[in-house]
Amino acid sequence: MALTAPVVGDRLLSSLDDEQRAAVESTADTVVVEAGPGSGKTRVLAARAVSLVRLRGIAPESVAAFTFTREAAAELRRRIGESIGAEAADRMTVSTLHGFAAGVLSRVLADRRRVADEDEEELILDGRVRGPERRPEF
């Protein structure tokens with residue numbers, strides 16, 4: 001159920017200063033939050049995700065938030081879960097930039113991976129395999 005008014009009593013949304021609230025309430029499709037350590041970036045990203053789902057009615061599956069560290073991603077998911085529930089938070093893409101890219105590559109390359117047989121392994125180790133159709137993919 002999408003809400004059209006501020007969520008009264010939501011600790012995450014009510015803890016923002018004016019500059020943070022502007023980032024959260026931006027109508028832009030993409031918002032980049034760039035600030036120094038301890039400035040509240042994780043709080044702003046979490047509040048933005050919560051706002052998109054609770055106030056704008058956007059499906060959690062359509063929300064993506066990226067951080068630079070796994071610890072920050074875990075904290076971001078926890079904070080989002082506290083406001084909209086863990087189940088909804090789990091339906092969002094909350095990841096590190098590297099983790100997201102690795103996941104995309106894994107899905108794209110999944111059907112191209114295979115294990116070389118013993119004859120191919122020998123050729124590979126001897127350096128006699130040439131051409132992209134015979135090059136092992138990792």
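Predicted model: local features only at pLDDT ≥ 70, side-chain atom pairs only at ≥ 80, totals over all residues.
Figure 1. Asp117 is partly exposed, at a relative accessible area of 41%; buried stands for under 20%, exposed for over 50%, and partly exposed for values in between (1.4 Å probe, protein chains only). Together with Glu118, Asp119, Glu121 and Glu122, Asp117 forms a negative surface patch. Such a patch is made of residues with over 30% relative accessible area and no salt bridge, like charges being joined within 9 Å. Asp and Glu count as negative, and the place of a charge is taken as CG of Asp or CD of Glu.

**Figure 2. The salt bridge between Arg91 and Glu61.** A salt bridge is a side-chain nitrogen of Lys or Arg within 4 Å of a carboxyl oxygen of Asp or Glu. The closest N and O atoms of Arg91 and Glu61 are 2.5 Å apart. Arg91 lies in the loop between helix 5 (86-90) and strand 2 (93-96), and Glu61 in the loop between helix 3 (41-54) and strand 1 (64-67), so the pair ties together parts that are 30 residues apart in sequence. Arg91 is partly exposed at 38% relative accessible area, and Glu61 is partly exposed at 46%.

Figure 3. Glu82 and Arg78 meet in a salt bridge (2.2 Å, N to O). Both residues belong to helix 4 (residues 70-84), where they are 4 residues apart, about one turn of the helix. Salt bridges that share partners join Glu75, Arg78, Arg79 and Glu82 into one network. Glu82 is partly exposed, with a relative accessible area of 48%, as is Arg78, with 40%.

**Figure 4. The salt bridge between Glu25 and Arg21 in helix 2.** The closest N and O atoms of this pair are 3.4 Å apart. Because Glu25 and Arg21 are 4 residues apart in helix 2 (residues 18-25), about one helical turn separates them. Glu25 is partly exposed at 46% relative accessibility, and Arg21 is partly exposed at 30%. Across the chain, the count comes to 6 salt bridges.

**Notes to the figures.** Residues are numbered from 1 along each chain as its sequence is written, and side-chain values use heavy atoms, with hydrogens and water left out. Local features need pLDDT of at least 70 and side-chain atom pairs count only at pLDDT 80 or more, whereas totals for chains, interfaces and linings use all residues.

Key
Patch = residues over 30% accessible without salt bridge, like charges linked within 9 Å, V, L, I, M, F, W, Y side chains within 5 Å. Areas by Shrake-Rupley, 256 points an atom, 1.4 Å probe, with all protein chains shown as cover. Helix = DSSP H or I, 4+ residues; strand = E, 2+ residues; numbered from the N terminus.
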